[in-house]
Amino acid sequence: NYLSNKSFKDYEDIPNLDIFQRAKAHEEYLDYLKVSGYMNYRLLVNSGCGPEVDLAEDGDIKKGSYVSFVCNDYLGFTQHPAIKKAAISGIEKYGTGAGSSPLIGGYFDYHQELEDKLSTFFKKPKGSSIAYTTGYTSNSASLQCLLKQEDIAIVDMAVHASVYEGIQGTTVKRFLHNNLDALERILSNVKDKYRTKMVIVDGVYSQDGDLAPLKEIITLTHHYGGVVLVDDAHGIGVIGNTGRGAMEYFEVMDKVDIITGTFSKTFSNVGGYLIANPELISYLQFQSRQYAFSAAATPAISAVSRAIDLVDEEPHWQKKLWENITYYKKGLTDLGLDIGTTNSAIIPVKIGDVQKNCEAGKLLLECGIYTNPIMYPAVSLKDSRIRMSLIATHTKEHLDKALNAFDYVNKKLNIAKSMK
Ligand code: PMP
């Protein structure tokens, strides 16, 4: 079937087809995925985010409870009573919406409290943070505002889609994932060119769960006159002794020029932030179009202020998460599976072949385990994998159930390292 060689990327644009014809072709691809039982996207969930979720019936998928590895709710805070209470109190005190953009009436004390807490969390002076309404825009909107034609963005190939979107209006050079020689080659070539040279990396990479060698990246970049932006969406709350992310782990918090992150993972809400010097923050407040022309976050964001406090007040969640990570990684490795070089709560099981990967996702669902089968364009064509996020509220029973399911899948599909 020719459609089995396709991916969502093929439908981004199709020459000579108008939008309706393009959508029709896309619909055929979706039908193919459904008929093959490979439709693992937009599954309807009838419960809250957490270690177990209720899925609705959909084609081959049976209605019922599944052990879930798809929430990036690393510390389990989406269900934390104190955080829920903070959201409810925020709504009770301020109502349900902010009413307008921050520049024209939508900037409230609960926004300022949140930004102050973020500055303190990252040990920066007051005024060092700006809160966006998504993690995506904290990258895309700020980069679009900061980097123009006379600048250059030098990005690790594996950075998030939101970064790629933000750098469309500037010169872009990509370097091989975590490859310092490749980075240095680019930096030395552009040494005396460009107005701003910005190196953009993730603290923790979203598909492999590995960390960027931040110390070396920062030293190199500064040596060649560049600035470093670290998106640590997946590191905050997880990495570092006090959950300050990869920057804490590598002891470079005071050397990173710009930090971006999200409220949608450890902080268990929606929104994102950027940390930088106060002048840059003030520039973004007025110049970043998606910030200036879009409504501010709702009062439910008060929950994020509470979540930030709880990272410090209840460190046992981070400890429990790491117990889970250690246990699960060992279990998967003992089965002979390839989990790459992850050192975070993101655990991939690398399968390679797209078809086998879809098949594995389907079999895992049949065993009551809900994971994300990831394929091109999120990763390269031969690099398909089952991606899982561990959270603090997974129990040993949840993890054992998943390990048994992987054992079963491996026996059926030969996905172990030695078979690849
Ligand atoms: N950065 C990274 C590395 C991400 O993985 C994501 C989304 N998973 C984002 C930014 C965007 O964050 P959000 O989903 O909160 O908009």
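In which sense do strand β6 and β7 pair, and over how many bridges? The model considered here is predicted; local features need pLDDT of at least 70, side-chain atom pairs count only at pLDDT 80 or more, and totals for chains, interfaces and linings use all residues. Residues are numbered from 1 along each chain as its sequence is written.

Strand β6, covering residues 197–202, pairs with β7 in the parallel sense, over 5 bridges. Strands such as these are DSSP runs of E with at least two residues, helices are runs of H or I with at least four, and both are numbered from the N terminus. Two strands count as paired if DSSP finds at least two bridges between them. In general, strands of a sheet pair through backbone hydrogen bonds, either parallel or antiparallel.

Within this pairing, Ile200 stands opposite Leu229 in β7. From β6 the chain passes through helix α7 (residues 214–223) to β7, a β-α-β crossover that is right-handed; with the strands pointing away from the viewer, the path from the first strand over the helix to the second runs clockwise.

Strand β7 also runs parallel to strand β8 (residues 258–262), to which 3 bridges join it. Here Val230 has Ile259 in β8 as its bridge partner. Of the 5 residues of β7 (227–231), 4 are buried, that is, 20 or more other C-beta atoms lie within 10 Å of their own, with C-beta atoms placed from the backbone.

Another part of the model holds an open sheet of 3 strands in the order β1-β2-β11, with mixed pairing. Because β1 (52–55) and β11 (369–370) stand at the edges, each with a single partner strand, one side of each is left without a neighbour in the sheet. Strand β2 (residues 64–68) runs parallel to β11 and is joined to it by 2 bridges, and Ser68 stands opposite Tyr370 in β11.

Notes
A residue is buried if 20 or more other C-beta atoms lie within 10 Å of its own, exposed if 12 or fewer, and partly exposed in between; C-beta atoms are placed from the backbone.
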